[in-house]
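Hello,

Have a look at the picture before you read on.

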Amino acid sequence: MPVALSKPPAVNPESPAPRRFLPSAPLRGRMRVPGDKSISHRSLMFGALAVGRSRISGLLEGEDVLATAAALRQMGATIARDGADWIVDGVGVGGFLQPQAALEMGNSGTSTRLLMGLVASQAITAVFTGDASLSRRPMNRVIAPLGLMGARFEPSPGGTLPLLLEGIEPAVPITYRLPVASAQVKSAVLLAGLNTPGITTVIEPVPTRDHTERMLAGFGAHLEVEDEGGERIIRISGQPELTPQTIDVPGDPSSAAFFAVAASIVPGSDLVIENVGLNPTRNGIFTVLRQMGASIEELSPRKVGGEPVADLRVRHAPLTGVEVDPALAPSMIDEFPVLFVAAALAQGRTVTRGLDELRVKESDRLAAMAAALTLAGARVEEREDGLVIDGTGGEPLAGIGPGGSPIATHLDHRIAMSMAVAGLASGGGVEVDDTRPIATSFPMFENLLDEITR
Ligand code: S3P
């Protein structure tokens, strides 16, 4: 029987919610992770641009996705929960209304950058604001291409939020080669191209997650994807009419990764994680864990919402350090914090490089994880573009005794969840300073963890 979903924790209490994660009993039984965050954002956005009513099941009800929903409502879409599903009544491509107040993006880079793309090619002006973490993150990577298409920006110093964006209609179609491997930048340009006459082209030297392309094609957009000399060329024809869809959102591999690592490092574990999305542009973490010796079996492989999905059976296994191929980085970009935890428990050395992008996520994840794991007793060297970790060979980490300083999570959900997992495989437990950020992507995380380790 899947674990019953109990009540999620209160979202956003006013003061930090510290918690000590203690050495754990084996993880056993079956569980289900919430819907994929990337696909959830896009389901709402594309539903809002279709003409008519879309229905979404399995939508992730995390704060980031709810920020997208709120912004789309401010621009005229109707979005409501209907039983366990969500329904979206779209306004059509180019049909957004002028928002009457700032679009509050909270912690969500995906909401911000993709919505900037959508606003850029419409005759509306929007102000984007965010929390302290989001307000430090670079927006010039989308300002540059959207500026070439004709949109005008007034960002805060350093190209950050708060930012005013004045869209333009008609925008100018461009051909843009991505200077960073970023699905958010790719998507921002393609989404601006949706309401731009003519053909907008994005060239991807390194492939990144392809949910935008897959889903837009499903909604009836005219999109061509070609491989040319190892690069992906994506062309979108502007101003299609999008047809509403029924979407079943698969489980988020990025959320499953925390439990896959936890079951791998806690002796005696034997856990089935149901309904995990295994899109090849997202499943790098499972490839690397298997290279390290993890026991991860794919049961009942199938398609959900056009994406490959399986139930993962993960059993405890001794892990060995590896050199992680930097070419895999885009397919596991959000999973490095928890991979570092696996590495800290492995036999021998794990070397990662080519991870400069981790410095501009919800926190500087190289610095945050180096500091956190060191505090928990791991041997970590921080380099410019990666971490080098010498593992314990399966011995628990020392952990942080009562009275020791807690882990600083820096408003970063994935640091909080990764260090919770580290606590399970520690001698003394690990205290994180604030669990509130977890609600951005995985509100049920602590409930599921408590039930599965009981
Ligand atoms: C996302 C893309 C990734 C990822 C983020 C979600 C998306 O960011 O880190 O959590 O949904 O497109 P980048 O594309 O900027 O690497």
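The ligand lies between domain 1 (19–35 + 250–452) and domain 2 (37–244), because both give residues to the shell around it; the domain bounds come from an automatic or database domain assignment. Please keep in mind that this is a predicted model, in which local features need pLDDT of at least 70 and side-chain atom pairs count only at pLDDT 80 or more, while totals for chains, interfaces and linings use all residues. Residues are numbered from 1 along each chain as its sequence is written, and side-chain values use heavy atoms, with hydrogens and water left out.

First, the surroundings of the ligand. The shell is made up of Lys37, Ser38, Arg42, Thr110, Ser182, Ala183, Gln184, Arg209, Ile333, Asp334 and Lys361 (a residue is near a molecule if one of its heavy atoms lies within 4 Å of it). By type, two of the shell residues are nonpolar, four are polar and five are charged; here Ala, Val, Leu, Ile, Met, Phe, Trp, Tyr, Cys and Pro count as nonpolar, Asp, Glu, Lys and Arg as charged, and the others, Gly among them, as polar.

Helix 1 (37–49) and helix 5 (183–194) each supply at least two shell residues, and the largest share, three residues, comes from helix 1. Helices (H or I, at least four residues) and strands (E, at least two) are DSSP runs, numbered from the N terminus.

Next, the polar contacts, meaning pairs of N or O atoms within 3.5 Å. A side-chain N or O atom of Arg42 is 2.7 Å from an oxygen atom of the ligand. For Ser182, a polar side-chain atom is 3.0 Å from a ligand oxygen, whereas Ala183 uses a backbone N or O atom, 2.6 Å from an oxygen of the ligand. Taken alone, the ligand exposes 390 Å², and the protein buries 95% of that (Shrake-Rupley method, 1.4 Å probe).

There are also some backbone details to look at. The peptide bond from Leu161 to Pro162 is cis, with omega near -10°, and Pro162 belongs to strand 9 (residues 160–166). Another cis peptide bond runs from Glu169 to Pro170, with omega near 0°; Pro170 is in the loop between strand 9 and strand 10 (175–177). Finally, Ser300, in strand 16 (residues 295–304), has a phi near 45°, a positive value in a residue other than glycine.

Best wishes

Terms used: A polar contact is a pair of N or O atoms within 3.5 Å; within protein, one must be able to donate a hydrogen and the other to accept it, and residues adjacent in sequence count only if both atoms are side-chain atoms.
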